[in-house]
Amino acid sequence: MSSPAPDGRLPATLPPSLASVLTADERILAWLNTDLDQQLQFRGGWLILTSTRLLAWRGDDADRNAIDDHAQTTWQAWPLESGLKLQLSDHAGVGRLELCDASAQLACWPFTLRLHAAAQYLLERFSHCQAALSGQLPVIDDAPPRCPNCHTVLPAETDFPGDAPHCPRCTHDALQPANTWTLLRLWRFARPYQGQLLAGFLLTLASTAASLVPPYLSMPLMDDVLIPYQNGQPIDVSLVTLYLGGLLAAALLAWALGWAKTYILALVSERIGADLRITTYEHLLKLSLEYFGGKRTGDLMARIGSESDRICVFLSLHLLDFATDVLMILMTAFILVSINPWLALVTLLPLPLIIWMIHQVRDHLRTGFEKANRIWSEVTNVLADTIPGVRVVKAFAQEAREVERFREANTHNLLVNDRVNKVWSVFSPTVTLLTEIGLLVVWACGIWLVARDQITVGVLTAFIAYIGRFYTRLDSMSRIVSVTQKAAAAAKRIFEILDHVSSVPEPRQPVHLAQPSGHIELRDVRFRYGNREVIKGLSFDIRPGEMIGLVGHSGSGKSTLMNLLCRFYDVSEGAILFDGIDIRNLPLAEFRRHIGLVLQEPFLFFGTVAENIAYGRPHARHEEIVTAARAAHAHEFILRLPQGYDTLLGERGQGLSGGERQRISIARALLIDPRILILDEATSSVDTETEKEIQKALDNLVRGRTTLAIAHRLSTLRGADRLIVLDRGQIVEVGNHASLIARKGAYWRLYQAQARHEQIEKIEAQMKAEADHG
């Protein structure tokens, strides 16, 4: 956030009326464009921190540029003075900035949490100003410019970060153009096949040379056989046989070499494409949940699927054509110069113009194709949303709406491709026209040279044959610009995945645990989503075999804490210890093998029941799978399925009830025999009877294991050794069920509220039953 420009201009993100409010020596230090009013309705407003005061304006965001009239009265101001405090808080998805003095609250500005980073930065600037008033810190002179979205510090030369997307953190990678040189990065995948690539190159060289023999043999065939025959000399049959045999041998050799090089390079390109897909998918699965939280499933599927296919086609077909074209052009140019330098010079006249056109068109095509690729991912995103959720689509009769979504995405894709085709449709015929003009010029110059006996008809014939090949390859080479830019755009999107560094890295010097006991310790753990702190200094100890229940309102940090314990995210500060070792020093796969996770919504894969139970131990014996299913109270209903344990389940467990899916999930956790068990609302989405069945399975599962459980129904946590009550990322109470009820604190209030809610539900159910019977 920087001051206005020397000419008095404000950054484009701020309302123009602010200029009439500011004094000559007043500098803007930070701002927040609020999006909620006091009734939590969506309405725009402004909070501006200057070097001398805090300015605020409330109103409709649509009118922000129309508040010049009465500007002095619509802006509120609070001079910066000692005793003034600005406090930031958030709850249930709403953030608040509260301005207070020693006696009362002066003002409050609510906002959605997407603006939390901007509010945090404004608070930091305000605190610095207040410290400067008391002499604890120097006065802010020129605050470094920051991005208005994520508040990353930008280079000093960036005047107004809100005017253009220059932030390296929040600028989407789509704004960075693909570069043709990105294709060279594919060499890391081609290196293992460099022997085959060398053989393919030599075969390409040889086949290209063989294909250039027939035009050269046409010169003596014309000058030594056909023209003498027209002048009355007899045809030399042996000479004709020699030349025709040479032409046939050259054709057969070119065919054999062409087949060999095409086959070898096609095999290599397919293997490069397969390695690229495997490497990308392997790297993708190593990335943290933070990465997947900002990506669409359809987009990632398009990158690994269609983008890698596009690169594979480029390598197997178009790159080979490009290499053949380059070799053909170079060899043909050499032969033309050796036959007649002046006529060769005329032949090359269109070449500079074609090269200039390729350079001009290339950037437009590259940008267009990259955008087309991204728009195509919008189409796949619609499919990835609707096909797994087709039951919801049909339940709400939204088929027409989803078809319209798909039509809009498809139309968008069509328009983007139309713009690319508009450029390409002009470029390609223009290159063809230039080559045809070049051929006419060569004919004219050739006839003129033949008329002056400077070249023979045979030389002109060979020249025209070579020029035909030269211009054909030049035209083909110009056309390959399109597929090259498509491949470059595809490579860039794939390398965006490969270049992404996981926020949960593997340890450089891993520590291995032989027989873990299941002891967990949290030491002053803090965690932030961006600049928003959601876990605030948690410290507690879990003994081996102890069961801990996590309790709190929605948004209190329970599920976030579970994610940290599984190391789906890394803590921002502090440490989580497993048997006395920081989990960041343990190999990820080794650590997670000791964790059994049962989620609120169990995810089952397409496959048999047995395969789903054995997902954590693919080589488990059938007897072990059955034992785990019995312990999870799933064996009986599995036997009632058409093929028992070999019954094929649909995607996400289609065909099973919620309780049945949950019990298979519990059996899956039992089979790996984990030391740590994490239950995240494992019974919240089922009815009471099903909950009892699941609870019996959970009782078997938790026995002898360190367990952390989040439960919607607090009554299910009565058997926990300790309950930890969280509120806004902090521990407010610790104890067992009886002691916390006796204390009548936060847990008691939660328990009473839930008991009243359950009682109301019970009464309503009884009334409904009586009405049905009546």
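A: Gladly. We start with a definition: two strands pair if DSSP finds at least two bridges between them. Keep in mind that this is a predicted model.

Q: How many bridges join strand S11 and S12, and in which sense do they pair?
A: The general idea comes first. Strands of a sheet pair through backbone hydrogen bonds, either parallel or antiparallel. Here, strand S11 (residues 573-578) pairs with S12 over 2 bridges, in the antiparallel sense.

Q: What is the order of the strands in the open sheet?
A: The order is S9-S8-S11-S12, with 4 strands and antiparallel pairing. At the edges lie strand S9 (532-542) and strand S12 (581-582), each of which pairs on one side only.

Q: Which strand is joined to S1, and by how many bridges?
A: Strand S2 (residues 45-50) is joined to S1 by 4 bridges, and the two run antiparallel. Look at leucine 32: its bridge partner in S2 is leucine 47. S1 is also mostly covered, with 5 of its 5 residues buried.

Q: Now helices. What does the length of helix H5 tell me?
A: Compare the span with the expected value. Helix H5 (residues 194-211) has 18 residues and reaches 25 Å from first C-alpha to last, close to the 26 Å expected at 1.5 Å a residue. Helix H3 (residues 116-133) also has 18 residues, and it reaches 26 Å, close to the 26 Å expected.

Q: Which residues of H5 are buried, and where do they fall around the axis?
A: An α-helix has 3.6 residues a turn, so residues three or four places apart point the same way. In H5 the buried residues are Gly200, Leu203, Thr204, Ser207, Thr208, Ala210 and Ser211. Seen down the axis, they fall within an arc of 155 degrees, so they line one face of H5.

Q: How many residues of H3 are buried?
A: In H3, 13 of the 18 residues are buried, so this helix is largely enclosed by the rest of the structure.

Q: Is tryptophan 259 buried or exposed?
A: Apply the cut-off: exposed means over 50% relative accessible area. Tryptophan 259 has 55% relative accessibility, so it counts as exposed. This residue sits in helix H7. Tryptophan 259 also shows how sequence and space can part ways: serine 207 is 52 residues away in sequence, but the C-alpha atoms are 9.3 Å apart.

Q: How many salt bridges does the whole structure have?
A: A search finds 22 salt bridges. One of them joins glutamate 26 and arginine 53, with the closest N and O atoms 2.7 Å apart. This pair links distant parts of the chain, 27 residues apart: glutamate 26 lies in the loop between helix H1 (18-21) and strand S1 (28-32), and arginine 53 in strand S3 (residues 53-58). Glutamate 26 is buried at 4% relative accessible area, and arginine 53 is buried at 19%.

Q: Which residue forms a salt bridge with glutamate 307?
A: Its partner is arginine 493, and the closest N and O atoms are 2.6 Å apart. Again distant parts of the chain are linked: glutamate 307 is in helix H9 (residues 297-339) and arginine 493 in helix H14 (residues 457-498), 186 residues apart. Glutamate 307 counts as buried at 1% relative accessibility, and arginine 493 is buried at 0%.

Q: What is the volume of the largest pocket, and which residues lie nearest its centre?
A: The volume is about 2500 Å³. The lining has 48 residues, and Leu285, Leu289, Phe603, Phe605 and Tyr615 lie nearest the centre. H7 gives the largest share of the lining, 5 residues.

Q: Last, the backbone. Where is arginine 567 found, and what is its phi?
A: Arginine 567 is in the loop between helix H15 (558-565) and S11. Its phi is near 60 degrees, a positive value in a residue other than glycine. Arginine 567 is buried, at 2% relative accessible area. Histidine 633 is not a glycine either, and has a positive phi of about 55 degrees. Histidine 633 is partly exposed, at 25%.

Methods. Residues are numbered from 1 along each chain as its sequence is written. This is a predicted model: local features need pLDDT of at least 70, side-chain atom pairs count only at pLDDT 80 or more; totals for chains, interfaces and linings use all residues. Side-chain values use heavy atoms; hydrogens and water are left out. A salt bridge is a side-chain nitrogen of Lys or Arg within 4 Å of a carboxyl oxygen of Asp or Glu. Buried means under 20% relative accessible area, exposed over 50%, partly exposed in between (1.4 Å probe, protein chains only). The expected span of a helix is 1.5 Å times one less than its number of residues. The arc is that of the directions from the helix axis to the C-beta atoms. On a 1 Å grid over the protein atoms alone, a cavity is a set of points where a 1.4 Å probe fits but cannot get out, and a pocket is an open set with protein on both sides within 12 Å along at least five of seven lines; lining residues have an atom within 4 Å of a point. Grid points are joined across faces, edges and corners, and a volume is the space filled by probe spheres set on the points.
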